[in-house]
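Subject: Structure handover

Hello,

Here is the structure I said I would pass on. My notes on its contacts follow below it.

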Amino acid sequence: EGVTASGTVQMPAGHVVQTSLHTFSDITTNSSDSDVDLTGSSHTFTPKFASSLLIISFSVCVQMSRSNTSQGCTINVVVDSSNISHSPQDYENYIVISSGSVNNYVKTHKEVSTSASNTNAKTIKLVGRPYATGDSGQMKVNPASMISSIKIQEIAQ
């Protein structure tokens with residue numbers, strides 16, 4: 001139960017202060033070795049308390065394809081231009097093919113946390129890149145207009 005003191009509301013530690021769910025169905029194709037913004041994933045979230053913990057999770061539909069060999073990809077969370085879940089590898093999702101082409105559809109999920117640190121509005125978005133681009137390698141987010149989501153929960157500390 002929250003407590004009002006000196007004109008402010010204090011929430012007990014661990015309490016969910018607010019939750020935001022952002023969905024998007026924009027298609028993004030990346031056939032480069034660099035992260036690209038996932039179109040439609042950008043979302044603004046304003047914490048109520050600077051001391052809060054933000055838990056950010058996503059569920060993204062991705063297609064990984066490549067001719068004649070294995071393929072993978074990675075997707076990361078960016079908060080105000082800082083990649084807070086940077087994976088040093090390009091294959092958090094990966095499928096091994098010894099011969100023939102790969103065309104794999106998966107729903108990928110990741111959870112990360114960061115301190116709110118202030119009550120300024122934060123821009124939260126996703127970026128992604130394929131494991132390999134040779135042999136027509138690419139990743140596609142939301143192929144066939146599938147729906148992906150980002151959930152942000154503010155937790156009192």
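A salt bridge here is a side-chain nitrogen of Lys or Arg within 4 Å of a carboxyl oxygen of Asp or Glu. By that rule the count is four salt bridges. Please keep in mind that this is a predicted model.

Salt bridges

One of the bridges joins Asp35 and Arg129, with the closest N and O atoms 2.9 Å apart. Asp35 sits in the loop between strand E4 (28-30) and strand E5 (36-37), and Arg129 in strand E12 (residues 122-130), so this bridge ties together parts that are 94 residues apart in sequence.

Asp90 belongs to the loop between strand E9 (82-83) and strand E10 (93-95), while Arg129 is in strand E12, so the pair connects parts that are 39 residues apart in sequence. With a relative accessibility of 21%, Asp90 is classed as partly exposed; the buried class requires a value under 20%.

Another bridge runs between Glu92 and Lys110, whose closest N and O atoms are 3.0 Å apart. This pair links distant parts of the chain: Glu92 is in the loop between E9 and E10, and Lys110 is in strand E11 (residues 102-115), 18 residues apart. Glu92 is partly exposed at 41% relative accessibility, whereas Lys110 is buried at 14%.

Nonpolar core

The largest nonpolar core has 21 residues, and the members that touch the most others are Ile56, Val60, Val77 and Leu126. The elements giving two or more residues to this core are strand E7 (53-66), strand E8 (71-79), E12, strand E13 (138-141) and strand E14 (148-155). Which of them gives the most? That is E7, with six residues.

For Ile56, leaving aside neighbours within four places in sequence, the contacts include Val77, Val79, Ile84, Val112, Ile124, Ile150 and Ile152. Lys110, Glu111, Thr114 and Lys151 are also among the residues in contact with Ile56. Lys110 is the residue that forms the salt bridge with Glu92.

Aromatic pairs

The count of aromatic pairs comes to three. In one of them, the rings of Tyr91 and Tyr131 have their centres 5.4 Å apart and their planes at 85°, so the pair is edge-to-face; planes over 60 degrees apart are put in that class. Tyr91 lies in the loop between E9 and E10 and Tyr131 in the loop between E12 and E13, 40 residues apart, so that the pair links distant parts of the chain. Tyr91 is partly exposed at 38% relative accessibility, and Tyr131 is partly exposed at 33%.

Tyr131 also pairs with Tyr94: the ring centres are 5.1 Å apart and the planes are at 85°, so this pair too is edge-to-face. Tyr94 is in strand E10 and Tyr131 in the loop between E12 and E13, so the pair ties together parts that are 37 residues apart in sequence. Tyr94 has a relative accessibility of 38% and counts as partly exposed. Together, Tyr91, Tyr94 and Tyr131 form one aromatic cluster.

Two further residues

Asn93 is found in strand E10. At 16% relative accessibility, Asn93 counts as buried.

Ser117 is located in the loop between E11 and E12. Is Ser117 buried or exposed? It is exposed, as its relative accessible area is 52%. Beyond residues up to four places away in sequence, Ser117 touches Ala50 and Lys122. Ser117 and Ser52 are 65 residues apart in sequence, and their C-alpha atoms are 7.4 Å apart in space.

Regards

Note on methods. Residues are numbered from 1 along each chain as its sequence is written. This is a predicted model: local features need pLDDT of at least 70, side-chain atom pairs count only at pLDDT 80 or more; totals for chains, interfaces and linings use all residues. Side-chain values use heavy atoms; hydrogens and water are left out. Helices (H or I, at least four residues) and strands (E, at least two) are DSSP runs, numbered from the N terminus. Buried means under 20% relative accessible area, exposed over 50%, partly exposed in between (1.4 Å probe, protein chains only). A nonpolar core is a set of buried Ala, Val, Leu, Ile, Met, Phe, Trp, Tyr and Cys residues joined through side-chain atoms within 4.5 Å. Contact means heavy atoms within 4.5 Å. Rings of Phe, Tyr and Trp (its six-membered ring) pair if their centres lie within 6.5 Å; planes under 30 degrees apart count as stacked, over 60 as edge-to-face and the rest as tilted.
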